[in-house]
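Here are my notes from going through the model you sent over. Have it open while you read, and check each point against the coordinates.

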Amino acid sequence: MNQEKVIVIDFGGQYNQLVARRVRECNVYCEIYSYKTDIEQIKAMNPKGIILTGGPNSCYEEGAPTYTKELFELGIPVLGLCYGAQLMMHVLGGKVEKAPVREYGKTETFVDKSSALFGDVSENTIVWMSHFDYISQVAGGFKIIAHTADCPVAAAENKDKNLYAIQFHPEVLHTQEGTKMLFNFVRNVCGCSGTWKMDAFVENTIKEIREKVGDGKVLLALSGGVDSSVAAGLLSRAIGKQLTCVFVDHGLLRKNEGDEVESVFGPNGQFDLNFIRVNAQDRYYEKLAGVTEPEKKRKIIGEEFIRVFEEEAKKIGAVDFLAQGTIYPDVVESGLGGESAVIKSHHNVGGLPDYVDFKEIIEPLRDLFKDEVRKAGLELGIPEHLVFRQPFPGPGLGIRIIGEVTAEKVRIVQDADAIYREEIAKAGLDRSIGQYFAALTNMRSVGVMGDERTYDYAVALRAVNTIDFMTAESAEIPFSVLQTVMSRIINEVRGVNRVFYDLTSKPPGTIEFE
Ligand code: XMP
């Protein structure tokens, strides 16, 4: 897409995707590239600005990630953050060394309001610091524009060359006026006009899809999750019935989920497309009978999906495009973009399915962060309950039922989970908790109901808050809400006589149970 762009050069810090997200919140399009990206490539992208991220290294040590001095001589504004700030000084002749006092956490900072970065920022403002090195001497031509009690150079600028260095992390929400600072850089210093908006994205992408697809046929595996739903919405608006969506109901979805997906994308829904729902519940239950080992269950569920999808694809015949709901973090995390997380390969990227006869892949959401995907979904008129749906694992309830999966256990966990979600929504907590669900333990215990002894299952409730799903804390839910959920589950869900709330954080626990 031809538009104004800011480039984030990734030095391996943990907040790098956040930097790009915040820039996009300023309506400026932004992409992440590794510090290993050649300067010629950066120049060819013709960015309006460049941001250097934080990173775990010391820039003065041998072998530390660096960048050629030429970057600062392109006439393109550069903002260095934390490691990026230190590197800018180091490369341009300033001095960086181990700080006498390591700064970590929220820190009061005094800023020079005459700087373009801080014009509308309070004179003393709280910022997030996390560094053991510091800039002890700025490079020639630089002026100090912020300091803290322990850090003489919390920010510096070379106004003539449009170079800015910030020791703290404006991208982190703990920096109270961080978004203003990033806005000031990308909109005022770089002069971006702020054209990155989701309505424009939707409109442009629809045009691009039409041009690319022509009168070709497109096949999409629709899971009902946010990404594939928004991809389906976009493609449908662009090419209507040239799109076929295959939705596999594997019997491991949440209660009524299959019907909800069908009501939006099926023949009575609001989108023009071919919708194929495959009710494969019995096939899955048969395959899963007697299987208790988590990894084996996952494998069976994954393989069965491929088989079902393959059968449907064969019925449809050759297509021109296979669409996927890949989003930008998938691309970055697969090591195709940034530097920080090459550890994780993503199922949506790379391993193209070879069981479908298609010519090309189409990924209309490849440039979007999750919150942007949601905004695009709303633009397309996809209902809020789908757009704000919480993450749901591919293997579905199969990994929320400990031990063997049976139709009866699926019913129990679906009913308990539906009650839990209903009560969380009633309490107004549904948008503030990262992920929450009910799981079925494989434990049965003795209880008493009326005058009768029971020997039934225990349901576990899980609710976590997380930023990146790599770590998570259990969420604080008011005890009265938990009590209501417990009492409703025991009264309304046959086969359950005990309810637990899982307090475990991740690590050592995982979010899911298997
Ligand atoms: P864990 O359990 O690993 O979960 O702490 C982290 C996040 O990933 C989701 N998850 C999965 N998503 N296929 C998926 O598509 C899977 O096999 C899978 N396992 C876990 C989980 O719901 C959480 O959001």
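This is a predicted model: local features need pLDDT of at least 70, side-chain atom pairs count only at pLDDT 80 or more; totals for chains, interfaces and linings use all residues.

1. Start with the ligand. The residues around it are Arg-298, Pro-391, Pro-393, Gly-394, Pro-395, Ile-399, Gln-435, Phe-469, Lys-506, Thr-510, Ile-511 and Glu-512. Sorted by class, that shell has six nonpolar, three polar and three charged residues.

2. Which residues put a polar side-chain atom 2.7 Å from a ligand oxygen? Gln-435 has one at that distance from an oxygen atom of the ligand, and Lys-506 has one at 2.7 Å as well. As for burial, the ligand taken alone exposes 490 Å², and the protein buries 72% of that.

3. The peptide bond running from Lys-506 to Pro-507 is cis, with omega near -15 degrees. Another cis peptide bond joins Pro-507 and Pro-508, where omega is about 10 degrees. Where do these prolines lie? Pro-507 is in the segment after strand S18 (496-501), and Pro-508 is found in the segment after S18 too. If you set up this region for your own work, keep in mind that the model has both of these bonds as cis.

4. You'll find Asn-46 in the loop between helix H2 (39-45) and strand S3 (49-52).

5. Now the helix pairs. Two packed helices are described by the angle between their axes and the distance between the axes. For helix H6 (residues 226-239) and helix H11 (residues 370-379), the axes come within 9 Å and cross at roughly 40 degrees. That angle is why H6 counts as oblique to H11. The crossing of H6 and H11 is left-handed.

6. What about H13 and H14: at what angle do they pack? Helix H13 (residues 407-426) and helix H14 (residues 479-492) pack at about 150 degrees, with their axes 9 Å apart. Angles over 145 degrees count as roughly antiparallel, so H13 and H14 are roughly antiparallel to each other. In this pair, H13 passes H14 in a right-handed crossing.

Methods: Residues are numbered from 1 along each chain as its sequence is written. Side-chain values use heavy atoms; hydrogens and water are left out. A residue is near a molecule or strand if one of its heavy atoms lies within 4 Å of it. A polar contact is a pair of N or O atoms within 3.5 Å; within protein, one must be able to donate a hydrogen and the other to accept it, and residues adjacent in sequence count only if both atoms are side-chain atoms. Accessible areas come from the Shrake-Rupley method with a 1.4 Å probe; for residues, only the protein chains shown count as cover. Ala, Val, Leu, Ile, Met, Phe, Trp, Tyr, Cys and Pro count as nonpolar, Asp, Glu, Lys and Arg as charged, and the others, Gly among them, as polar. Axes are lines fitted to C-alpha atoms, for helices over the stretch in contact, and angles run from 0 to 180 degrees between N-to-C directions. Helices (H or I, at least four residues) and strands (E, at least two) are DSSP runs, numbered from the N terminus. Angles under 35 degrees count as roughly parallel, over 145 as roughly antiparallel, 65 to 115 as roughly perpendicular and the rest as oblique. A crossing is left-handed if the near helix is turned anticlockwise from the far one by less than a right angle, and right-handed if clockwise.
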